[in-house]
Amino acid sequence: MKLTKRLDDALDKLYTAFHNGTLNAECCKSCAVGTICNNTDSWKHLSDYHGSLQLNYVGLVNQRLGRRFFGYTPLELLKIETEFLKGCGYVLPLHHKNAKPEFATSKETLFKGLCAAVNFLCRLDNVENVMEFYPVFENVMECQKLEVVK
C-alpha cells in the first residue's frame, strides 16, 4: 500500500509517541497534532480553543494563504485533533466544565483516540485505514487484543 509522505510521517510520530508514553490529549505539545508538529504548540494559535473546529483570525489567514504545517492545512490539523479528542472520549472543546474520560492518560483511552486520528488521517489521503496493515501498529494491535482477553 502506497502512503503519502505526510501520512507516513504522521503515523511514525503518533506510533512513537504512543509507544513511548508521551501521547497526552490535554497537552498541546503532546496531543495528536502536537506530536505531528514535532511536539510544538504553535498549531494551537490557529484556533481559540483546543478541540474546536473554528479557525481564528490567524488560522483563517494561514488557511487562505495555503499554508501547510507538516503537510496539513490549518483546518485539517484542527479536524485531526478533534477526531483524536473525540476518540479519547472528550466533550469538545476542551474546557474544565466539559466532560472528559475518567482515565484520560490510560493506554486504552489514548489507543481509542489514536485509532480515530489514524482513521481520519487515512481518509484525508484517500487511503484504506492502515491500523491493521501498517507494520508499526501490529504490536500495538496485538497488545490491545491481549489486554481485552485478560
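Biologist: Which residue with a positive phi follows α3?

Modeller: This is a predicted model, in which local features need pLDDT of at least 70, side-chain atom pairs count only at pLDDT 80 or more, and totals for chains, interfaces and linings use all residues. Residues are numbered from 1 along each chain as its sequence is written, while side-chain values use heavy atoms, with hydrogens and water left out. Helices are DSSP runs of H or I with at least four residues, and strands are runs of E with at least two, numbered from the N terminus. The phi in question is near 75°, and the residue that follows α3 is Gly66.

Biologist: What span does α4 reach from its first C-alpha to its last?

Modeller: The expected span of a helix is 1.5 Å times one less than its number of residues. For the 15 residues of α4 the expected value is 21 Å, and the model comes close to it, reaching 21 Å.

Biologist: Which helices do the buried residues of α4 pack against?

Modeller: Buried means under 20% relative accessible area, exposed over 50%, and partly exposed in between, using a 1.4 Å probe and protein chains only. The buried residues of α4 include Leu77, Ile80, Phe84 and Cys88. Counting contact as heavy atoms within 4.5 Å, the buried residues of α4 pack against α1, α2, α3 and α5.

Biologist: Is Phe103 buried or exposed, and what is its relative accessible area?

Modeller: Phe103 lies in the loop between α4 and α5, and its C-alpha is 9.8 Å from that of Gly89, which is 14 residues away in sequence. Phe103 is exposed, with a relative accessible area of 55%.

Biologist: How many disulfides does a search of the whole structure find?

Modeller: A disulfide is a pair of cysteine sulfur atoms within 2.5 Å. Cys27 cannot form one here because its sulfur is 6.6 Å from the closest cysteine sulfur, in Cys28, too far for a bond. Cys27 is partly exposed at 28% relative accessible area, whereas Cys122 is buried at 1%. The number of disulfides found in the whole structure is zero.
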